[in-house]
Amino acid sequence: MRPLDPVTSKQRVAYGFAFFVLFVALWSWATLGGHVSKTFLANPLTMVQEGYDLLARQGFLYDIGMTIWRVVGGFALAAIIAVPLGVLMGAYKPVEAFLEPFVSFARYLPASAFIPLLILWAGIGELQKLLVIFIGSVFQVILMVAVTVGATRRDLVEAAYTLGASDRGIIRRVLLPSSAPEIAEILRLVLGWAWTYVIVAELIGSSSGIGHMITDSQALLNTGQIIFGIIVIGLIGLLSDLLFKAFNAWLFPWRLA
Amino acid sequence: MTTLRIEQVSRTFPARHGNAPTRALEPTDLTIGNNDFVTILGPSGCGKSTLLRIVAGLDRPTSGRVTLDGREVTGPGADRGMVFQSYTLFPWLTVRENIAFGLRERGVAQDERNKIADALIRQVGLSGFENHWPKQLSGGMQQRTAIARALANDPKILLLDEPFGALDNQTRALMQEMLLGIWERDQKTVLFVTHDIEEAIFLGSRVIVMSARPGRIKAEINVDLPHPRSYKIKTTPEFVQLKERLVEEIRTEALKVAEHA
């Protein structure tokens, strides 16, 4: 090993996989070897068994579906509002001066702390779950998009002006395309955060979803189910990340050229 | 007929952080006639780029005015094509789309756009690279595309701000010949800023020498070398004589800058 020396893609996969093996091995050693009480941590085999039971007999697929729909719904809502606002803020400095202080403040309001209020306002239905994710993501996206658009290379903007572009043309044909890959990256990143919010939203006042299953299992001290639920969240997150990345690469081929 | 008039144009950058305001450009007069190829030569910090940016409409003069065919310049526009020193191709557009950018902004139909772009691509020697992205091009090829992009609008005047400054010597010499070839064939009005003495003489019909701190026009020298010019002209006695004269002019200016630094 030398600093910054690259690895081959085969090695990369092998190393990445090796850590998962090591992780499961340690977990098995601790649980199957009797070093940790079954009450606190289920062993891998029990976890798989519980997982199968969840999927086959307790309709866990429905819970997974509900959670995905909430994340995607709340996140899409946030993106639809945040991206245009962020672009406006990045492009027009007065708009930025008007909104930036508030958005910066709102960004630090913890979404999970809004749950009691949101239950009061929107009940414990789907709207409340969507709102938690919305509040958690919208301000982050606005701010990051505004920074990205505002950081558009000035010389590209000037070049476009000398080519006869109008102010609208600058936004449509310079600011937007030059920020688009960054905006897609921002959405990928914040989607990951949205997954945290959805589980928190489902832990309180919910009758379906992965988070709801986890609270239920806690009452029954079924650590196998809890761990299975957490792993499912991780896998879905990983999958959505890969899909997002592939989609971005397909959308912006000029970046990889 | 194109006439660019620069009348008493000056530029002072406002004071910042307690520093005194900077006088980048003293009131300057310059008239550029039809099909003139004028090079502005000066050390860095002499306000030559500032002057060019004011002509382009990217900067406003503190006093004075610029008129193009009698109309005052108040902002950037397609009648003044500009090529920058930095690589300013739009990275998300192919070579052809980059060249057609201005045409598309002005609502020219796709077929017409492609026809104009492809003709320019041939002219600057980029055939076969129409669908490449800027990232896949060398520096010289990127600047060729930038020149073609500025020419696509058929501007009244072409403004170039040290366009070959970042290129290696060999590429730079080829680019100079290419640009001069376009000018000799199509007769364009050109204002070209550089700090390279040889480049200023080789390209220009007139060399404007600027002094530093404050920036102002110090001398104006006609270059009566015959056209078409090839690279071989750079070793003729006439060329060398002009170069010697300009070296002296520039050297005193560079010394002034060094002393004030």
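Mentor: Happy to; we will start at the contact, then turn to the confidence and to each chain behind it. Keep in mind that this is a predicted model.

At the contact, 14 residues of chain A meet 23 residues of chain B. On the chain B side, two elements each supply at least two of the touching residues: β6 (80-83) and α3 (101-105).

Chain B has an average pLDDT of 90, and 99% of the residues reach at least 70. Within chain B, helix α2 (residues 95-99) has the highest confidence, with a mean of 95, while helix α8 (residues 237-260) has the lowest, at 82.

Now for the partner. An unreviewed UniProt entry annotates residues 64-244 of chain A as "domain: ABC transmembrane type-1". In the model this stretch is 85% helix and 0% strand, with its end C-alpha atoms 19 Å apart. The unreviewed entry also lists "transmembrane region" spans in chain A, among them residues 186-205 and 225-244. Residues 186-205 of chain A are 90% helix and 0% strand, and 30 Å separates the end C-alpha atoms. For residues 225-244 of chain A, the figures are 100% helix and 0% strand, with 28 Å between the end C-alpha atoms.

Technical notes:
Residues are numbered from 1 along each chain as its sequence is written. Chains are lettered from A and ligands numbered from 1 in the order in which they are written. This is a predicted model: local features need pLDDT of at least 70, side-chain atom pairs count only at pLDDT 80 or more; totals for chains, interfaces and linings use all residues. Two residues are in contact if their C-beta atoms, placed from the backbone, lie within 7 Å. Helices (H or I, at least four residues) and strands (E, at least two) are DSSP runs, numbered from the N terminus. UniProt positions are given in the numbering used here, feature names are shortened, and annotations may be inferred rather than shown by experiment. pLDDT is the predictor's confidence in each residue, from 0 to 100.
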